[in-house]
Number of protein chains: 2
Amino acid sequence: MEYQEAKEKFISTWGSLGTLWGINKAMAQIQALLFISTKPLSMEDIMEELMISRGNTSMNLRQLMDWGIVTKELIPGERKEFFTTEKDVQELARVIAKERSRREIQPVVKVLKEVSSIKDDGTEKTKELIKQTKALHDLTETADAMLNKIVNQQQNWITKSLIKLIK
Amino acid sequence: MEYQEAKEKFISTWGSLGTLWGINKAMAQIQALLFISTKPLSMEDIMEELMISRGNTSMNLRQLMDWGIVTKELIPGERKEFFTTEKDVQELARVIAKERSRREIQPVVKVLKEVSSIKDDGTEKTKELIKQTKALHDLTETADAMLNKIVNQQQNWITKSLIKLIK
DNA sequence: ATAAACTTTCAATAATTATTGAAAGTTTAA
DNA sequence: TTAAACTTTCAATAATTATTGAAAGTTTAT
């Protein structure tokens, strides 16, 4: 497999995996492209490489910046804006896990808590609703906490500094 | 909040969370409905409760059975088929994690492995592609393994048997 | 064997989501 | 201050995905 083929395969696979971490195809592909690029890319570069429109590129770059995984890079002497993505996979995973938790898991946990807290009127169906949503609440909270713990585990400041030193 | 409102809230929230575990809304809602039901439900029951068509119900029940989280229940004397879902959240989580891993994560791991194994031609861009996809490969594999471990951790046969005994 | 009771399939349609492209907006250089 | 270079916005459109409903298929009772 040659470079170009490998590159395309990576970008398209990563793009279709987007759903797994809750983002759309274009967004995931832009991130993938930046992830393997050796230098910051302009909007022009991205449009050309992925064959998508200016508007699409602009909107998705904005979203990636909202997520905190892509940043604008100002290159001296250049009028255009350039973009880079977080290159450290550990840090990338940390940011993604945190954002998903905040955007999707937390709201669900909140509803599960509300629903599982309704007044027990003694009927079987109410008891079942309370019991099952409580179990789901506990599971979801535990899973979320564990995920965050895992993803943060080797990311305390001293490890981080050491990693940076030896890179 | 009354039973009916709580029930609807739970079903619709769980439905919209479907994307998080990679299934569609109707599928998630059917599972949610069964999850809090005190008895097996027929297709008729589900259609009526969720206000969806027969075809839709049939197709999504089939998918839930493919996932292994819903089973047909044959009720003596009844002509219709009845359905139940796995009621133990731990087991539910275990099945879902396993299925997602098999359906989505493994194929991506495979591509990452292929891409990160291309011949290093010495150019900077090839080196970067190899380095970054290798890092992603390692991270994905580790995360997947950890997820499965967590989800399985309290599910060895002896614990399982004990849980069943005391339920 | 027949028909009633039920389930599945799938082409048509609806709903949702992503993408475009051009106009409007912004920044910078001269 | 003007205009060129660039980015953003958003209504229109395209692409994708979900849903319907009726015909075809299956099972069971008589």
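How much area do chain B and chain A bury between them, and what percentage of it lies on carbon and sulfur atoms? In this predicted model, the two chains bury about 4,000 Å² between them, and carbon and sulfur atoms carry 76% of that area.

**View 1. Residues contributing to the contact of chain B with chain A.** On the chain B side, 41 residues are in contact with 41 residues of chain A. B:Tyr3, B:Gln132 and B:Leu136 supply 14% of the area that chain B buries against chain A, more than any other three residues.

**View 2. Polar and charged pairing between chain B and chain A.** Four salt bridges are counted between the two chains. One salt bridge joins the side chains of A:Glu114 and B:Lys9, with an N to O distance of 2.5 Å. Eight residue pairs are in polar contact between chain B and chain A, where both residues of a pair have pLDDT 80 or more. The side of chain B that touches chain A receives two or more residues from each of α1 (3–16), α5 (89–116) and α6 (124–153) of chain B. The largest share of this side comes from α6(B), with 13 residues. By class, the residues on the side of chain B that touches chain A comprise 23 nonpolar, nine polar and nine charged.

**View 3. The two domains of chain A.** Chain A is divided into domain 1, spanning 3–85, and domain 2, spanning 89–166. Taken over C-alpha atoms, the centres of domain 1 of chain A and domain 2 of chain A are separated by 29 Å. Ten residues from domain 1 of chain A and eight residues from domain 2 of chain A take part in the contact.

**View 4. The interface of domain 1 and domain 2 within chain A.** About 740 Å² is buried between domain 1 of chain A and domain 2 of chain A, and carbon and sulfur atoms give 70% of this area. Zero salt bridges are counted between these domains. On the side of domain 1 of chain A that touches domain 2 of chain A, the elements giving two or more residues are α2 (25–36) and α4 (54–67) of chain A. The residues of that side divide into five nonpolar, four polar and one charged.

**View 5. Protein residues around DNA strand D.** There are 19 residues around DNA strand D, of which A:Ser58, A:Arg62, A:Arg79, B:Ser53 and B:Asn56 come nearest. Sugar or phosphate accounts for 64% of the atoms of DNA strand D within 4 Å of the protein, and the rest belong to bases. By class, the surface near DNA strand D has five nonpolar, six polar and eight charged residues.

**View 6. Polar approaches to phosphate oxygens of DNA strand D.** A polar backbone atom of A:Glu81 is 3.3 Å from a phosphate oxygen of DNA strand D. For B:Asn56, a polar side-chain atom lies 3.2 Å from a phosphate oxygen of DNA strand D. The elements giving two or more residues to the surface near DNA strand D are α4 of chain A together with α2 (25–35) and α4 (54–67) of chain B. With five residues, α4(A) gives the most to this surface.

Key: Residues are numbered from 1 along each chain as its sequence is written. Chains are lettered from A and ligands numbered from 1 in the order in which they are written. Side-chain values use heavy atoms; hydrogens and water are left out. Contact means heavy atoms within 4.5 Å. Buried area is the accessible area (1.4 Å probe) that two parts lose on being put together, summed over both. A polar contact is a pair of N or O atoms within 3.5 Å; within protein, one must be able to donate a hydrogen and the other to accept it, and residues adjacent in sequence count only if both atoms are side-chain atoms. Helices (H or I, at least four residues) and strands (E, at least two) are DSSP runs, numbered from the N terminus. Ala, Val, Leu, Ile, Met, Phe, Trp, Tyr, Cys and Pro count as nonpolar, Asp, Glu, Lys and Arg as charged, and the others, Gly among them, as polar. Domain bounds come from an automatic or database domain assignment. A residue is near a molecule or strand if one of its heavy atoms lies within 4 Å of it.
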